[in-house]
Amino acid sequence: MAAPILKGVRELMRLVDLALVPRRHRHKKKWAATEPKFPASQLALQNFDMTYSVQFGDLWPSIRVSLLSEQKYGALVNNFAASDHVSAKLEQLNAKDFVNEAISHWDPEAESDHSVAPSTACSPNLRCFTFARGDVSRFPPARLGSLGVLDYYLMDAASLLPVLALGLHPGDTVLDLCAAPGGKTLALLQTLCCRNLAANDLSTSRTGRLRKVLQSYVPQGIRERNQIRVTSWDGRKWGELEGDTYDRVLVDVPCTTDRHSLHEEENNIFQRSRKKERQMLPMLQLQLLAAGLLATKPGGHVVYSTCSLSHLQNEYVVQGTIELLANQYSIKVQVEDLSHFRKLFMDTFCFFQSCQVGELVLPNLIANFGPMYFCKMRRLT
């Protein structure tokens, strides 16, 4: 008699225990499948709140608000159009050429610790108009000019800083290792210094966008002189393909694109399906920078840039790459001082004062450009 009773008690306890357990815990797969999914932009903001609040401390609330607010743009004058007419038209909008205005106001006596004048340290012939701090006016869309190309290119004005820092000279051979969608490639051409320009991007769809930019802004005659070469190769292998070849190399790597990740769901790297890709970004960035340095001639210069605030993608990548080249290739690389850049353009951009290596433009409500990190290096051997 005791055995059936004991069996019945056990069965009753099992049923009671099951009744007390929430249904979702007994059907984990089904519960996970119906779990509410956060949009990628919200996941990005959660990630930034955790990491950047530690990295930037009291600065983060201001940066956060600026990232979530409307971005400011600059108008890069197309030197292949009627550029003087375009500049006059932009001046009528009360916009100013921040590049040449900064250079014209440079006081060499006040900066005696820097022997290089900005006119020689910066890539030449670049004109980019911006509205004054606090002015949230917007530029009208560019139009076709009398020469059959668009008058100006709208871009985050901070994106011009890596090209300016590269310091091109007439006759340089130049590599843009991660060129698409094409804004910095176009800026490189605007310097009128490129004897040959190789513009590469692994994605064929992105190089398609790059070709469209070139067609819209560069006359066919210049494109057909074989001055511009567009490729879709794996940039990590460029050191093997064309080692010790280029005078100047721009390595504008794929990154978390912080501002884009907060505003756009499409192609957002914070999508759950792209978690592993995001985690591997610093390794990819290091490989690309190493390839860019290997493709540079000894004595040549490389600028590394991202549109991320993350020091894991910025300073750490630069320092790690320099160590890698020293240990594995016995190649010495020197980081160039760009503090004069910070002083030169401080009226237009807000720079992070505690950047250990390179320079970082912080988004700010009165000057809402960036983020943009850039670091200039010279290959010594």
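A: Leaving aside residues within four places in sequence, Thr256 is in contact with Tyr52, Ser261, Ile269, Phe270, Arg278, Leu281, Ser308 and Gln313. Keep in mind that this is a predicted model. Thr256 sits in the loop between strand S8 (246-252) and helix H14 (258-263). Its relative accessible area is 5%, and Thr256 counts as buried because the cut-off is under 20%. There's a polar contact here too: the side chain of Thr256 reaches the side chain of Asp258 at 2.7 Å.

Tyr52 belongs to H4, where Leu45, Phe48, Asp49, Tyr52, Ser53 and Phe56 meet Trp60, Ile63 and Arg64 of H5. The axes of helix H4 (residues 40-56) and helix H5 (residues 60-68) come within 9 Å, crossing at roughly 145 degrees. The H4 and H5 crossing is right-handed.

Next, a sheet. Its 4 strands are ordered S2-S3-S1-S4, the sheet is open, and the pairing is antiparallel. Strand S2 (96-97) and strand S4 (152-155) are the edges, each pairing on one side only. S2 is joined to strand S3 (residues 128-130) by 2 bridges, and the two run antiparallel. Lys96 stands opposite Thr130 in S3. Helix H6 (residues 83-91) packs on this sheet and touches strand S1 (74-77), S3 and S4. The direction of H6 makes about 160 degrees with that of S1.

Finally, the aromatics. The count of aromatic pairs comes to 15. Among them is Phe349 with Phe369, an edge-to-face pair at 5.3 Å centre to centre, with 65 degrees between the planes. That pair links distant parts of the chain, with the two residues 20 apart. Phe349 lies in the loop between helix H18 (339-344) and strand S11 (350-351), while Phe369 is in the loop between strand S12 (359-362) and strand S13 (372-379). Phe349 is buried, with a relative accessible area of 1%. Phe369 is buried as well, also with a relative accessible area of 1%. Both rings belong to a cluster: ring pairs link Phe98, Phe341, Phe345, Phe349, Phe351, Phe369 and Phe374.

Notes:
Residues are numbered from 1 along each chain as its sequence is written. This is a predicted model: local features need pLDDT of at least 70, side-chain atom pairs count only at pLDDT 80 or more; totals for chains, interfaces and linings use all residues. Side-chain values use heavy atoms; hydrogens and water are left out. Rings of Phe, Tyr and Trp (its six-membered ring) pair if their centres lie within 6.5 Å; planes under 30 degrees apart count as stacked, over 60 as edge-to-face and the rest as tilted. Buried means under 20% relative accessible area, exposed over 50%, partly exposed in between (1.4 Å probe, protein chains only). A polar contact is a pair of N or O atoms within 3.5 Å; within protein, one must be able to donate a hydrogen and the other to accept it, and residues adjacent in sequence count only if both atoms are side-chain atoms. Contact means heavy atoms within 4.5 Å. Two strands pair if DSSP finds at least two bridges between them. Axes are lines fitted to C-alpha atoms, for helices over the stretch in contact, and angles run from 0 to 180 degrees between N-to-C directions. A crossing is left-handed if the near helix is turned anticlockwise from the far one by less than a right angle, and right-handed if clockwise.
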